[in-house]
Number of protein chains: 4
Amino acid sequence: MFSETIELRGHIIDSLILPKVLDQIVTHGANFKIKEIKVGQKRENQSFARIDVSAESSDALDELILRLRQHGAEVVGRANVNLAKVTDAGVFPHDFYVTTNQQTFVRLDGKEIEVRPAMMDSAIAVNRKKRTAQAVKFFDVNEGDEIVVGHQGIRVVPVQRSTSHTDIFQFINTMVDADEPKSAVIHELGRELQRAREAKGRIAVVAGPAVVRTEAGEQLERLIEMGYVDLLFAGNAFAVYDVERALFGTSLGKNPERAFAGGGHENHLRAINTIRACGGIAAAVQKKILTSGIMHACVKHKVDIVLTGSIRDEGPIPGVTTDVVEAQKIMREKLVDVTHLLLLGTVQHSRAVASMLAPTVKTVCVDIDSASVERAVEHQPLQSIGLVTDVEPFLRELVAAVRAKK
Amino acid sequence: MFSETIELRGHIIDSLILPKVLDQIVTHGANFKIKEIKVGQKRENQSFARIDVSAESSDALDELILRLRQHGAEVVGRANVNLAKVTDAGVFPHDFYVTTNQQTFVRLDGKEIEVRPAMMDSAIAVNRKKRTAQAVKFFDVNEGDEIVVGHQGIRVVPVQRSTSHTDIFQFINTMVDADEPKSAVIHELGRELQRAREAKGRIAVVAGPAVVRTEAGEQLERLIEMGYVDLLFAGNAFAVYDVERALFGTSLGKNPERAFAGGGHENHLRAINTIRACGGIAAAVQKKILTSGIMHACVKHKVDIVLTGSIRDEGPIPGVTTDVVEAQKIMREKLVDVTHLLLLGTVQHSRAVASMLAPTVKTVCVDIDSASVERAVEHQPLQSIGLVTDVEPFLRELVAAVRAKK
Amino acid sequence: MFSETIELRGHIIDSLILPKVLDQIVTHGANFKIKEIKVGQKRENQSFARIDVSAESSDALDELILRLRQHGAEVVGRANVNLAKVTDAGVFPHDFYVTTNQQTFVRLDGKEIEVRPAMMDSAIAVNRKKRTAQAVKFFDVNEGDEIVVGHQGIRVVPVQRSTSHTDIFQFINTMVDADEPKSAVIHELGRELQRAREAKGRIAVVAGPAVVRTEAGEQLERLIEMGYVDLLFAGNAFAVYDVERALFGTSLGKNPERAFAGGGHENHLRAINTIRACGGIAAAVQKKILTSGIMHACVKHKVDIVLTGSIRDEGPIPGVTTDVVEAQKIMREKLVDVTHLLLLGTVQHSRAVASMLAPTVKTVCVDIDSASVERAVEHQPLQSIGLVTDVEPFLRELVAAVRAKK
Amino acid sequence: MFSETIELRGHIIDSLILPKVLDQIVTHGANFKIKEIKVGQKRENQSFARIDVSAESSDALDELILRLRQHGAEVVGRANVNLAKVTDAGVFPHDFYVTTNQQTFVRLDGKEIEVRPAMMDSAIAVNRKKRTAQAVKFFDVNEGDEIVVGHQGIRVVPVQRSTSHTDIFQFINTMVDADEPKSAVIHELGRELQRAREAKGRIAVVAGPAVVRTEAGEQLERLIEMGYVDLLFAGNAFAVYDVERALFGTSLGKNPERAFAGGGHENHLRAINTIRACGGIAAAVQKKILTSGIMHACVKHKVDIVLTGSIRDEGPIPGVTTDVVEAQKIMREKLVDVTHLLLLGTVQHSRAVASMLAPTVKTVCVDIDSASVERAVEHQPLQSIGLVTDVEPFLRELVAAVRAKK
C-alpha cells in the first residue's frame, strides 16, 4: 500500500468539503484513516482534519491525490511547483496541470503565489521574475513560457459557505423546479441586486432570443433603465430579434398582438439589412432609426454590449465578433470584475460564460428546460440559483422586487 | 385488383379531408382515381369528390376503407349496418366496430341514426325499437344488446372548419411554443370565454397540482368568482394542495414567501386529516375551517367539482371517487354539455378527459412540457389550442383578458 | 434563545448526515455549537457528535428539532412517546407524527420499539400490549387505536453508506445522464442481480407501456424466463399493449415492421375484448389464446402480477384493481420483502411504488425523461441509480450482463 | 376590395399545396373564389387550380400574395422581376426579396431563370449578361450587383410528393416519437442508403458530442468503413471527445467501463494539446499517435471533414474554422451536391446545416429531445424523417440494416 497524508482547513463540514474528500477516497477504492480532527464549535469557527490516504498503487494514489487537491486537500510536507518550458507556441508541456475554477496557489521557492484569474480548464504560467502565476489558455502561451506540470506545490481553496448568512446564495440545493413557488426567491434576489448596486458591484446579463420572443424585452429594458445591468452578453440573433421587434413590431415575422398570424424570416433579414446600412447598433440609435428595444436601452444607458457570432447566424450585424476564439478572449476580459450574473433563456451562451467565471460570482440561471439550468449552475455550487420557469414572468417579478423599498 | 368507390362531402379541401384521404390511400400502398370533383367556389360552399380506390387484396381494401371512413369517406351503394348480439355481459361481439370521436351515423332499415354521444374508442349499441344508437364501453353492455359489427352502414362526418371565422379555434397548426409570444392568443381566448358565457355555454377546467404549487391558484379563484368556471375536474392531490395552502400557507411544506425554506409532507397529511375530520370539503367550508382557496371558491360559487383518485394519492379526502371505472362514468356524464375546456398543468387528467370529448368541444391545453400539450390536443384538430408556458402567467393574463371590455 | 442538545451516531460524515444537520440548522436561521465530536479513524468505525442547537423561539426550535430528528438526530434526555386515541375511524389525532421512509424507533416505557414497516407519509400506531409500533395510513385506523403525537420519544436512523463497498448502490450522485456512457453501470447492475438471485432476494419490476411500444418486451421476457423477475407491477394499459402485440403484432394499431403504417385503437380494444371474453390473462394463456408476450411469460414462470387501473384506461381487463386505495394496499403488501426494484419507462407508477419503499430497497429507474428519473429516485439517496436512456437498449444490455459469467 | 388571380400547378392536393394556400388566405382574413379546378385523376397526374384572392387593402393583398407565392402560387399575368443596385457592399437594396428553400425562378425579359442554389433566407442577385440568378447572403454582395426587389416576376415550385413511391421520405407526418417502434423505419433507411451509394449519391453526417459520449462512435466508424459517409460536419468538441476516447479511453475523464468513476476535463485538454503538438488530426494519424476512433476512420477512408468552432470550445485543435461566417461559406459549398443527410445528436449544428439545404436533400434527424428533432426537420416537409431516440441503438440498427442484403 502506498500512502500520503493530507490536510483540510476551513468550513470543511458544512461546506461539504470533508464528506466529498472521504467520498472520493472510497469511490476510488482507496482507504483513509483520520489522524486528527478539530471541528469548529460555532458556525464562524474553522475546522481542521489530517487524514492518511492509502491506495494499492503509486499511480492510483497520485490520481486520487490530484482530485483531493481540487477539493482543497493539501499534501503535508509541501513541495515547490515543477515548471516546464513551452517549446511550441500554443502547445503546453506534457503533463501540464489543469486548473479548476477555485482559488488556487502555487508554491514557488517556498512561498505561495495566487493564480489569477481563477479560471477552470486552463494551464498555469509562472513568471519567476515578477513572481506571478496566471491561468492561461492554449493560444496565450509562447515559446519559453514556464508552465506548471504535475500537481506538486499546488493548493486549492474551495469556496466555503459564508459565516455571515446575509443572502440566498448559500444553499446546497439551489434549484427551484417548474412546479415550485418562485416569488420568495425572486424577491430575495431583488434585494441582493439592490445591495449589489449600492456596493458598486458589477451586474452582467447573458440573454437569449427567447427573452425577446416571449415579450420579456420590456422588462429587461426596465432593469437597464434602473441601472441594474452593467454588461450584456448576447448573440447576433438576440440583437436582431430585438431590432426586428423595434423596427417592425414582429418576432420572426409574427406580430405578438395578432394570434396565429403567419410568420417568416423576411423582417429578420430586413432588420439585419437596416443595421448593416446604418453601420451598427449605436449608429442606428444615433440616426434615430432604432428608437426602442433592449439594444436601444443599452446604448442610451451606456451598458457594455458584447455580441458574439454562431454557426446559425444570419448577417451578422456590425459589431458582432464572428471569431469564437476572439470572442472568448473578449468575454473573459469583460468578466473579470463581474460580481453578479443573470443567465436568461440561453443554454449555449450560459454554459460558455459559466465556464469562465471566478467561483465567487453570484449566478442566477433562468430557463424553461430544467436540464439546461442544472448544467449552467453546476460549477458554482454555493454561489448559484437555478429557476425553471418562463423568463417573462421571472423578469416582471424581478423588476417589481428591485423597485420595492428595502 | 379489388376496388371500391368512395365519396367525400363538405369543406374537404381546406379542412384537409381530401388530402388526408389521398395520403392514407398512398401510405397503404393502394391506388386512387378521382372520378369526379366539384370544389366550392367560395369559402362557404361545400365541395364534393368521388374516388375509385383499388388495392391488391380484399383484406387490404377493407382495412383501408375502414380508415377512409374515419376521415369521412362514404362508400357508394350504402348498406345497412350489421348487428350482433352480446352473449356475455361486458364483452363485445367479435369484429365490433370501434368509434372515433367524430359525428357518426348508422344506417338501419335504410335510414340514418346519429350515434350519441360522439365518443371515441367505444362500440355502438343499436336499439331497434327505439331506433337509437349509442356509443358504449365494455361495462355498459349486457347480454342480448345489439352491437354494430364490421364497417358497413356507417358514415363519419369529420369536424370541418367553420365558414364564419369568428374565433381562434380554426387553425390547422395551433401550438404556441415556449419561445413564441402568447398575449394575442390569450386575449382572443378571453373574448371567446366572454362569448361562451353570454351564450350559456358550459366551461370546464381540468387542473393539476402545479396550478396550486406555482401560486396560480389565486388567478383560478378569480375566474371562478367571475363565473367563468362551471365544472372543475381534478385529482385528490390537487384538492389537498389547495387545502394545505389555505390552512397552512404552505405547498408540500414550503412557504412560498420564504426562499428555500425546508419542505415536507407533514402539512399535506394534516390537511387531509382536517378534511377527513370535517367530513369533506363542503363541510369544512360550512364549518368555517376552510375559508380560502380554490376549493372554497368552488363551494361558494356552486362550481360542480369532480375529484378522482390515483395510485399515488395520500388520503384520500371524502368525496374523491377512488374507483377509476366509476370515475370515468361520472366524468363522461358531466362532460355531455360542456362547450369549452381548459386543461391546466395536468398531463394524466388532460388526456383522460380529452379522450371523452365530443369533437366540437373547444379545448385549450396549457403546460410547460410541449410533448404533453401536443398529445392532449391531437384528437381535436380544428377545435383546440395548445400553449407551452407556465400556468401562472397564462391565468393572470386570461383573467385580465376576460375582465377587459369587448 | 431556546436551546436543546442533540446527538448523532454512525457514519455521520461520509453518509452526509452531519453536514445535512448543520445545513438545516443554518437554513432555519438557528445556531449550533458542537460540544463534542469523535470521528471514526477508519472507514468502518462509527462517528459521534453532540451539538447544542439554539433558536429564537420555542416553536422554531421545535420545528427544527423535528427535521433534525428525520436526519437521525436524537434529543439528549430521551422521553417516551406521547400517544393519543383515535376518536373517528379514518382520522388521526391532531398533531400526529408523520413518518419518513427511514428506520424509526419509538420509546415506550423507557424501551425502544422499531416501527414496521418503514413507510413514509404515515402515522405510527402503537399497541401497548403487544408492544408493537406500526406505520399506518388513514384507512388503517379505527376508533380507540393509539397514535403517536408530537415528536418526543422518536429516533430515526438514516440509511448509511455500507462499509463493505461491494455494489454500485453506494454513490451520492447516482444519475447517469442521456449523454453519458451507461455500459459499465449496466454491467455492474447485472452482477448485482446475479448476486440478488443467489441470495434469494426478491426482484420487482414496474413497467410502463413504453416497454412494449419500443419493442423492449422481448428483452423483458428473457429476464423473466431467466428467473430475474419475481413480481411485476403494471397498469391495465401495459397489459393490453402487450396482449395487442401478442395477438395482432401491432402496437396501438401500428405494425413495428412496417414504417409509418397507420395506427389506431381498434386492435387495442379488440385485445381487451379477447381477454374479457376469456375471463382474464391466465385463462387466455390456459386456453392457448395468448401464446406469447410478457404477460404470457409471467403466467408461465409464475411471476406475481399486480395490475392497477388509471383514469385513462380502456377496459379494463379482468384482474385489474380499479380502486386506487385497494390497489395501494395490495402494492404495499407485495413490496414487503422486495430487495431490488426496476422502474422501467413509467413515471406515474414509479413514483407511487417509490413512495412505498423501505429505505434499503435497491432501486433502478430508467426513462428517457431526466426529470422523471430524478423524482423517482430522490427518496432513496444511497440505494438508487437513475439512467436517462431508452428502455430497449438498456434491457438488451442488462440481459447480456446477467447472462455473462461472473 | 382588392383582388388578384393566382394559379397552382402540380400535385397540389396530396402534397398539401392547395389546402395550405386556402389556409393562408383564410388566416390572413382574406377571401377566395375558386374559378377553375382540374384534379388529376390518377396519382401520377398533375392538378391545376385558378383562384381569385381578395383582401381589404392593397398592402394586405401584397403581403398575402407574397406568402402564397412561397407555397407555389403564380400570379396570372406574369411580370418581369424588378432589380435594384447595391450601393454599399454587404447591404441589400431596400425591399429585397427573401428566398425560401424551394426551387425558385425569376422572369427576366420574359424568360424564366432558375435561382441557384436553392437556399433559404437569402436575396437573389441577377447577372443580366450571363443570364444567371444566384441566392446570395449579405457578405456575398458588392457595389453595383443587381438584386431582386419586390415579389413580381418570381415563381416558387414547392417540393411535391413523388409519384413513384419508392422510399420512406414521402410522408406528411414523419416524426417517430420516443414511445413508438423504430425498427421498420431504420431498415427502410438502410435500404435507402444502399440505393444512394449505388446511385453515386453523396451522404453527409452532422454529428454531436453525444455520439462519442454514448459510445456510438464505434457504430459510426463502421458506417465510415463501409463507405456510407462522404462528408462529416462537426464541432471542435466532437473531434476532441473522439480523440480523448481514442488516446485515453475516457469521455470527459470518465472511463465508460468503470461505473461512476470520477470525471474531469484533464484528458479533454490533454487530447487537445496532443493534436496541437502534432499539428492536426491528419498529422496525428500519420505519426501513428491517433490510431483509432471516428476522426482516424475519416482520415483513413478519405471522408471530407468540416470542423467548426463554437463559443464554448476549448482549444481549438488545428483545422477548426473559428470564424462563423467563414464556416458558413465552407458548409454551403460542401453541401451543394449532398443528396442524403444524417443529423445525429446535435441541435445547434443540425439547425445550421438544415437552413442551408436544398429542398430535395433527404434528411434524417436523430436526437433524444423531441422538440429539437421537430425543429431540425421542419423545413424539409416531404423529404425528412425525425426519430426521437438514443443515437447509439439507432446507429447500431442502421449498421445492421445497411449490411443486410437487399
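## Two interfaces of chain B

The area buried between chain B and chain C is about 4,600 Å², and carbon and sulfur atoms account for 51% of it. In chain B, the residues that lose the most area to chain C are B:F138, B:I311 and B:R312, which together make up 17% of what that side buries. The contact draws on 47 residues from chain B and 48 residues from chain C. The model described here is predicted.

Polar and charged groups also meet across this interface. Between chain B and chain C there are 20 residue pairs in polar contact, both residues being at pLDDT 80 or more. Two salt bridges are found across the interface of chain B and chain C. One of the pairs in a salt bridge is C:K137 with B:E314, whose side chains meet at 2.7 Å, N to O.

Several helices of chain B take part. The elements that give two or more residues to the side touching chain C are α2 (58-70), α7 (266-278), α10 (324-335) and α11 (347-354) of chain B. Among these, α7(B) provides the largest share of that side, with seven residues. By residue type, the side of chain B that touches chain C divides into 19 nonpolar, 16 polar and 12 charged residues.

Chain B also touches chain D. Here, 28 residues of chain B are in contact with 28 residues of chain D. The buried area between chain B and chain D is about 2,600 Å², of which carbon and sulfur atoms give 60%. Three residues, B:V26, B:Q41 and B:R43, supply 20% of the area that chain B buries against chain D, more than any other three residues.

Two salt bridges are counted between chain B and chain D. In one of the pairs, D:D177 is joined to B:R375, with the closest N and O atoms 3.9 Å apart. Zero residue pairs in polar contact, both at pLDDT 80 or more, are found across the interface of chain B and chain D. On the side of chain B that touches chain D, the elements giving two or more residues are α1 (17-27), β2 (31-38) and α12 (370-377) of chain B. The residues of that side comprise 12 nonpolar, five polar and 11 charged.

| Interface | Buried area | Share from carbon and sulfur atoms |
|---|---|---|
| chain B and chain C | about 4,600 Å² | 51% |
| chain B and chain D | about 2,600 Å² | 60% |

Methods: Residues numbered from 1 in each chain as written. Chains lettered and ligands numbered in written order. Predicted model: local features only at pLDDT ≥ 70, side-chain atom pairs only at ≥ 80, totals over all residues. Heavy atoms only, no water. Contact = heavy atoms within 4.5 Å. Buried area = accessible area lost by both parts, 1.4 Å probe. Salt bridge = Lys/Arg side-chain N within 4 Å of Asp/Glu carboxyl O. Polar contact = N/O pair within 3.5 Å; in protein donor to acceptor, adjacent residues only side chain to side chain. Helix = DSSP H or I, 4+ residues; strand = E, 2+ residues; numbered from the N terminus. Nonpolar A, V, L, I, M, F, W, Y, C, P; charged D, E, K, R; others polar.
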